[in-house]
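Here is a short briefing on one protein model. Look at the fold as you read.

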Amino acid sequence: MAKGLLVTYALWAVGGPAGLHHLYLGRDSHALLWMLTLGGGGLGWLWEFWKLPSFVAQANRTEGQRQSSGGRTPPLSLIRFVAQMIVGIYFGLVALISLSFMANFYIVGLPLAVGLGVLLVAAVGNQTSDFKNTLGAAFLTSPLFYGRPIAILPISLAASITAQKHRRYKASVGSETLSVRLYRLGLAYLAFTGPLAYSAFCNTAATLSYVAETLGSFLSWFSFFPLLGPLTESFLLLPYRVWMLLVGDPGFSSGYFREWEKLYEFVSSFQEEKRQRAYQVLSLSEGATNEEIHQRYRQLVKIWHPDHNRHRTEEAQRHFLEIQAAYEVLSQPRKPRGSWR
């Protein structure tokens, strides 16, 4: 049955951020992506306004036309590559918040989450990529940054490059009933949101700590670059500034600003607690020099390396990860409180 452009625009306007128009056009991967990201943060949903006619034309192609494109390689797309990177990082951050309590999370859970995010973007539209190679690149990159949240970046980069290298057109398959498609989308949605919801409602205090730690780590990633740090903070404060421009209500906006201030103060205080804890783990006094920190780190790593403590492997691995995390915290430049203002 041919798809109508007017119906597509109507569904885009009514339920675009939830992917209703993509579900109507049979673009289930795109629909799931929009469901999990609320239309790409709203920006992807708005950008699609100009793309809907091509989406409808693609959905109305005959089976013969689809099969004829199967032997060719799709053109390289910078937009798709960047989207794979962003969604891979997004999936990794969600996994870090909701699943980091799992054993071997950095070996199994994190690369799996990032790889699936990259593959989801790779499967948008009439394209796809190789499942095994993409996940394989994610799993091979993960041990190089074991125990560090920053591992999300190189894992996403490696998986995105691999997905682009093995990109191809989807093979023609028979049509499925709407109930089967909805069932599959529902399972995928629950698999993504279930652990996050459980952590939020059943382990609220720990989840807040994970969120603060993840947000702090995310902001600290940009501290090595003079321009990216302020740009990131400006982006996070963008809703407040937009509201000031549009409404200009001093009462509400000042209260709204205080809410953002509380968020930053919470993250800042949590980061300060992490630094104090890091000094304790490395048995250093606060204000130790970088040379002292590095020297103490090398000493403790030699003492607690799991290969040197085979008679107490679990204890050694726990201390080893704590030492690595503490060294990473203290290696980051310290940001003065209130500097984001």
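**Surface and overall build**

The accessible surface of the protein comes to about 19,500 Å², and carbon and sulfur atoms hold 65% of that area. Areas come from the Shrake-Rupley method with a 1.4 Å probe; for residues, only the protein chains shown count as cover. This is a predicted model: local features need pLDDT of at least 70, side-chain atom pairs count only at pLDDT 80 or more, and totals for chains, interfaces and linings use all residues. Residues are numbered from 1 along each chain as its sequence is written, and side-chain values use heavy atoms, without hydrogens and water.

**Helix α1**

- Helix α1 spans residues 5–15, and its T8, W12 and G15 are buried (under 20% relative accessible area; exposed is over 50%, partly exposed in between; 1.4 Å probe, protein chains only).
- The buried residues of α1 fall within an arc of 105 degrees seen down the axis, so they line one face of the helix (the arc is that of the directions from the helix axis to the C-beta atoms).
- On the other side of α1, L6 and V14 are exposed.
- Helices here are DSSP runs of H or I, at least four residues, numbered from the N terminus.

**Aromatic rings**

- The structure holds 10 aromatic pairs (rings of Phe, Tyr and Trp, its six-membered ring, with centres within 6.5 Å; planes under 30 degrees apart are stacked, over 60 edge-to-face, the rest tilted).
- The ring centres of Y90 and F192 lie 5.8 Å apart with planes at 35 degrees, so this pair is tilted.
- Y90 sits in helix α7 and F192 in helix α11, 102 residues apart.
- Ring pairs also link Y9, W12, W45, F49 and W50 into a cluster.

Notes. Helix = DSSP H or I, 4+ residues; strand = E, 2+ residues; numbered from the N terminus.
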